Amino acid sequence: MKAMSRVVLIDTDTASDDAVALIMALRSPLVEVAAITVVAGNVPVEQATRNALFTAELCGSSVPIYRGADKPLTRKLEPATWFHGMDGLGDCGYAPTAKTAEATHAVDAIIAAAHQHPGFEVITLGPLTNLALALARDPGIVANISRVVVMGGAPCCEGNVTPAAEFNIWVDPEAARAVFLSGLPIELVGWQLSRYEAVLNAADIAQIQALNTPLADFAIRCNGRAREAYLEQTGEQGISLPDPIAMAILLQPKLALESSEHYVEIETEGRFTRGMTVVDRLKVTSDSRNAELWRQIREVSRPAKVVWKLDVPGWKRLLLESFS
């Protein structure tokens with residue numbers, strides 16, 4: 001184990017931006033990745049597992065990788081292959097050559113890690129299905145998790161899969177709600193932090209490519225389809241990397257320049273608002289007109305830390321260092 005490093009578990013639905021986030025963690029001297037657990041989301045879980053295995057293999061890492069839930073808790077899986085490519089990595093033909101997944105299920109791996117590494121940190125880069133299942137099986141693990149960085153949600157802004165919702169939360173809103181009601185110490189890193197100045201522009205991409213390393217080449221090539229899809233979706237040029245930004249905040253918390261704590265509810269029933277992250281930004285949920293509706297989350301959960309502003313130069317510097 002790396003000297004004085006923090007122990008981290010990564011839960012991922014490995015597609016193109018997830019893969020870059022995995023590289024950042026596996027190459028960082030700041031954390032020891034105890035396990036990677038895989039969930040269905042961007043792509044089916046079998047493909048997501050292959051992508052995680054390939055990425056770890058490319059990093060020369062022996063981290064154990066565990067296959068998890070193959071569908072949301074109560075809904076059918078609706079993947080994001082239109083954004084990341086059919087294989088999640090831009091359809092470039094990447095595949096692991098030697099590394100294989102562990103036989104243990106991801107949910108069991110999460111529970112085991114919680115008991116083996118009390119005080120460890122978790123980062124979720126996909127739907128929250130695996131974590132919700134682990135909490136349902138062993139609610140006591142909450143006490144052993146010191147921090148949960150959730151890449152997900154569209155706090156007080158537009159979504160990326162519907163006008164109201166971000167993909168990871170939208171795919172399995174029931175799981176997300178269970179996690180937010182669990183009492184875990186959540187830091188919410190919404191997709192909006194990966195837009196505008198935080199997007200890798202042409203100069204950023206050229207700087208990474210100039211490193212001329214296998215990891216740098218993979219990071220740009222596997223995001224080729226995502227780059228096209230982001231332009232189609234937003235009209236904005238460049239590579240948007242929500243998962244690596246969440247990983248950057250996990251690794252270096254000071255990159256979150258502005259954050260505040262709020263109760264967050266997840267919409268599971270709305271016709272137009274499925275998966276919406278409803279943030280009590282003005283702290284009005286204790287008012288008489290809201291108190292009854294918000295009673296459960298105020299009584300059993302804790303406010304989440306919502307990140308509002310990112311240190312963009314710091315984020316891009318950390319990303320570049322990961323490939324050097």
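Biologist: Which residues does Met-247 touch, leaving out those up to four places away in sequence?
Modeller: A word on the basis: this is a predicted model, where local features need pLDDT of at least 70, side-chain atom pairs count only at pLDDT 80 or more, and totals for chains, interfaces and linings use all residues. Residues are numbered from 1 along each chain as its sequence is written, and side-chain values use heavy atoms, without hydrogens and water. With contact meaning heavy atoms within 4.5 Å, Met-247 touches Ile-10, Ala-21, Met-24, Ala-25, Ile-123 and Leu-125.

Biologist: Which residues have the most contacts inside the largest nonpolar core?
Modeller: Such a core joins buried (under 20% relative accessible area, 1.4 Å probe, protein chains only) Ala, Val, Leu, Ile, Met, Phe, Trp, Tyr and Cys residues through side-chain atoms within 4.5 Å. The largest one has 73 residues, and those with the most contacts inside it are Ile-10, Met-247 and Trp-315.

Biologist: Which helix gives the most to this core?
Modeller: Helices here are DSSP runs (H or I, at least four residues) and strands are E runs of at least two, numbered from the N terminus. The top contributor, with eight residues from the stretch 16-26, is helix α1.

Biologist: And how many residues are in the second, separate core?
Modeller: Ala-106, Ile-141, Ile-266 and Val-279 are among its members. The count for this core is 38 residues.

Biologist: Are α1 and α11 roughly parallel or roughly antiparallel?
Modeller: Helix α11 covers residues 242-251, and it packs with α1 at an angle of about 25 degrees, their axes 7 Å apart. Angles under 35 degrees count as roughly parallel and those over 145 as roughly antiparallel. α1 and α11 are therefore roughly parallel.

Biologist: How many charged residues are in the contact of α1 with α11?
Modeller: From α1 come Asp-17, Asp-18, Val-20, Ala-21, Met-24 and Ala-25, which meet Pro-242, Asp-243, Pro-244, Met-247, Ala-248 and Leu-251 of α11. Nine of the residues are nonpolar and none polar, while the charged ones number three.

Biologist: Which residues of α13 does α8 meet?
Modeller: Helix α8 (residues 202-209) and helix α13 (residues 312-323) pack at about 25 degrees, with axes 10 Å apart. On the α8 side are Asp-204, Gln-207 and Ile-208; on the α13 side they meet Lys-316, Leu-319, Leu-320 and Phe-323.

Biologist: Last one: is Asn-42 buried or exposed?
Modeller: Asn-42 sits in the loop between β2 (31-38) and α2 (45-58). Residues it touches include Asp-13, Asp-18, His-84 and Phe-167. Its relative accessibility is 5%, so Asn-42 counts as buried.

Technical notes
Buried means under 20% relative accessible area, exposed over 50%, partly exposed in between (1.4 Å probe, protein chains only). Axes are lines fitted to C-alpha atoms, for helices over the stretch in contact, and angles run from 0 to 180 degrees between N-to-C directions. Angles under 35 degrees count as roughly parallel, over 145 as roughly antiparallel, 65 to 115 as roughly perpendicular and the rest as oblique. Ala, Val, Leu, Ile, Met, Phe, Trp, Tyr, Cys and Pro count as nonpolar, Asp, Glu, Lys and Arg as charged, and the others, Gly among them, as polar.
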